[in-house]
Amino acid sequence: MRRCAVRVTGTVQGVGFRPFVFGLAEDLGLSGIVGNDVHGVFIEVQGDGIDQFLRRLRTDAPPMATVERIDVTEIDEREEAGFLIVASEVADGAASTSIPPDTAVCADCLAEMRDRADRRFGYPFIACTNCGPRFTMVVGLPYDRANTSMAAFPLCPLCEAEYRDPRSRRYHAQPTACADCGPQLSMSVPEVVEALSTGRIVAIKGVGGYHLACDARDEQVVSRLRERKARGDKPFAVMVADLPTANSVARLDPDDERVLQTPARPIVLAGSRDQRLQEAIAPGNRFIGVMLPYAPLHHLLFDAGAPPVLVMTSGNVSDEPICIAVDEAEQRLTGIADVFCHHNRVIQVSCDDSVVRQVDGVMQPVRRSRGYVPQPLSLPMAVPPMIAVGGEIKAAAAVAHRHTAWLSQHIGDVENLETLQMLRRSVAILSDLQRIEPELVVSDAHPGYLSRRWAAEFAAERGIPHMTVQHHHAHLASLLAEHAVPAGEPVLGVVFDGTGYGTDGTIWGGELLLGSYGSVERVGHLRPISLPGGDAAVRYPGRVGVAHLHAAGLDLGDSAPGRALDRGDLRLLKGMLRSGSHCTPTTSVGRLFDAVAALLDVRQAVDYEAQAAIELEALAEGVTATPWTSPVEVDGGEVIIDPSGWIGAAVSAHRAGVPVEQSAAAFHSGLADAVVEAVREVARERLVTTVGLTGGVFANAVLSAACVRGLREAGFTVLTHRVVPPNDGGLALGQVCVAGAAGHP
Ligand code: ZN
Ligand code: ZN
Ligand code: FE
């Protein structure tokens, strides 16, 4: 008889893979064993029908599993009675298996939770092998109950019986429990519903941290939340009761609807349908972020009559990470929340809700976090064990080994001790889970980033090398990696973003980089302007507008920033621009958007990063206008995009009273035209077939779509992001690849 040893790798633990293998073997009358180890699942099978077994291993795998590889070797047959699930093997060495992400409650559990006759009727922590928390409750590998937050909840006899039964949906389901033995809420569901329905702000402990929740249609409570969170105009996401409600507040197409309902349950950004709601939760914007209930508690709240549209925003103090512990929430959210709904299942690691948005027909992550992390990402080359710390804004870290990287959850802006602490913790957790002993630490090249300083300290402590990677090179590498572009195959990257430290010490952000993971050549860029105050100008588009006017040789005259700015500020600004003191040259396209927004009087100051650009995009959406032109020139072998044409056009349009939507659209399409022209200029001298669009500016759907269209018409293959965000949330993946290609250490 035939006997095979089978090795399955991928996300195959904590997803019901062993009972699935057990059932499959029994079905086919095969004998053998199955078990978990740090590399995934090992199987030995014996009998006829092994081929069918191997085929169905892939096709019939459980819903939460991702099978990456199946390796089969023939071995000697042996005497044995049946098929057995054997104990997990604990071994040393790096782990190649991955913990699954947290997953929305499944349909089976939901049905049980709503069934009066079921023993888990109304239980807010119902879960099974196919659903529930994973990443946020794991403390280590192997993935067994003892290594999760559930270790604190010994199973009752009924739960224990299910847990031990390979035929049960709860066989070795680590989060399983019931009202008799499992986690509990600190408030009853009707009490929470009552609080939400009477205009209170409720801090609700969830899967990856606390949410601050309130009735999104109650304008008073929403503005109270906004004030207490000191949030300015920054948009709030909403959770809606069901798909029809989602459709009543947002313009969703079938792809949006599909993504909304995936087990990851991200926030989907879509056009708003409800003007009044929009004004309350996302003023000045035309998009709203919507998500569906994902934790059993969310369903219980809506079932019990909670308002059908709830603001559900991260329970944090502005700029700090989301709260995960009861005492921490009580301390930090007092004064924001009126009521606290805690639970006693420990959250091991915070994980914010993920955000995705359709850009030109492609689902693009804006924030890759709960539901996606820690899914492994394949690398285009083998890398030594390493960690990469990302950038500063919207940071995410990564650990990597061989051909795989694991990107961390969204950490936030690493500008204070709290977020730096979270960065350290995320790196520690990921390297523990994957058992990675780093031999190299990679960071951004910006000397002012806290993450870079920490990387240097970490490397020094361990006596391992610290490598820095140029910001925009990392952006391009992240895009190439997610498209599996082989190392050494050159791509022309159009890297547009807000801020990144250039190799010449100036602020870059409008770059044409030609190359691959190993190296890039800067073949073009936006013509630099002098920016008074450097990075600090990010908060004041009005000042950036003045700087751009100065660079374009235009008079301040009666321009919008000229009128809006304080006289003293203006005098200071002009002095700085004339003398060049405290000015940094920048090629940033993010700042170009700021300048145009200010000149069109859309915005002179912002409450959150990229606000002016987001509002300008919203104005341009769906509007057709004759593109504003601006020169593209070749100078000393570099292609230079000169922004002065757009600056002049913005001033004249504003003076002439052209509708701002028209101007916004004309700027977007003009910029896209310049991108196509600049790429063509590069391609005249160099071999360019593929163009990659990356950097935070390409989160702009209007600009992205116009660039993709123009470049395709010009005959280029175009790459855009679909796995990691185009913003700095994707940087760590690129850092890993650049370091890997450098052959370090
Ligand atoms: Zn389930
Ligand atoms: Zn129980
Ligand atoms: Fe960036």
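**Exercises on a predicted model**

**Exercise 1.** In this predicted model, which residues does Val202 touch, not counting residues up to four places away in sequence?

*Solution.* Setting aside residues up to four places away in sequence, we find that Val202 touches Val192, Ala195, Leu196, His211, Leu212, Ala213, Val339 and Cys341. As a next step, we place Val202 in the largest nonpolar core, which has 80 residues and in which Phe135, Val192, Val202, Ile204, Leu301, Leu423 and Trp454 touch the most other members. The largest share of this core, seven residues, is supplied by helix H12 (residues 417-433). Finally, since domain 2 (189-359) and domain 3 (365-465) both give residues to this core, the core lies between them.

**Exercise 2.** Find the protein donors of the zinc ion (ligand 1) and explain why their arrangement is tetrahedral.

*Solution.* We begin with the donors, which are the SG atoms of Cys106, Cys109, Cys128 and Cys131, lying 2.3 Å from the zinc ion. Along the chain these donors follow the spacing C-x2-C-x18-C-x2-C. The four donor atoms subtend angles of 104 to 118 degrees, and four donors count as tetrahedral if all angles lie between 85 and 135 degrees, so the arrangement is tetrahedral.

**Exercise 3.** Explain why helix H19 (residues 611-620) is largely enclosed by the rest of the structure.

*Solution.* Nine of the ten residues of H19 are buried, and therefore the helix is largely enclosed; among these buried residues are Gln611, Glu615 and Leu619. Looking next at what covers them, we find, among other elements, strand S14 (355-359), helix H15 (541-551) and helix H21 (660-685). After H19 comes Gly622, whose phi is positive, near 75 degrees.

Technical notes: Residues are numbered from 1 along each chain as its sequence is written. Chains are lettered from A and ligands numbered from 1 in the order in which they are written. This is a predicted model: local features need pLDDT of at least 70, side-chain atom pairs count only at pLDDT 80 or more; totals for chains, interfaces and linings use all residues. Side-chain values use heavy atoms; hydrogens and water are left out. A nonpolar core is a set of buried Ala, Val, Leu, Ile, Met, Phe, Trp, Tyr and Cys residues joined through side-chain atoms within 4.5 Å. Buried means under 20% relative accessible area, exposed over 50%, partly exposed in between (1.4 Å probe, protein chains only). Helices (H or I, at least four residues) and strands (E, at least two) are DSSP runs, numbered from the N terminus. Domain bounds come from an automatic or database domain assignment. Contact means heavy atoms within 4.5 Å. Donors are N, O and S atoms within 2.8 Å of the metal (3.2 Å for Na, K and Ca); water is not among the atoms, so sites may look incomplete. Four donors count as tetrahedral if all angles lie between 85 and 135 degrees; four count as square planar and six as octahedral if opposite donors are over 155 degrees apart and all others between 65 and 115; anything else is irregular.
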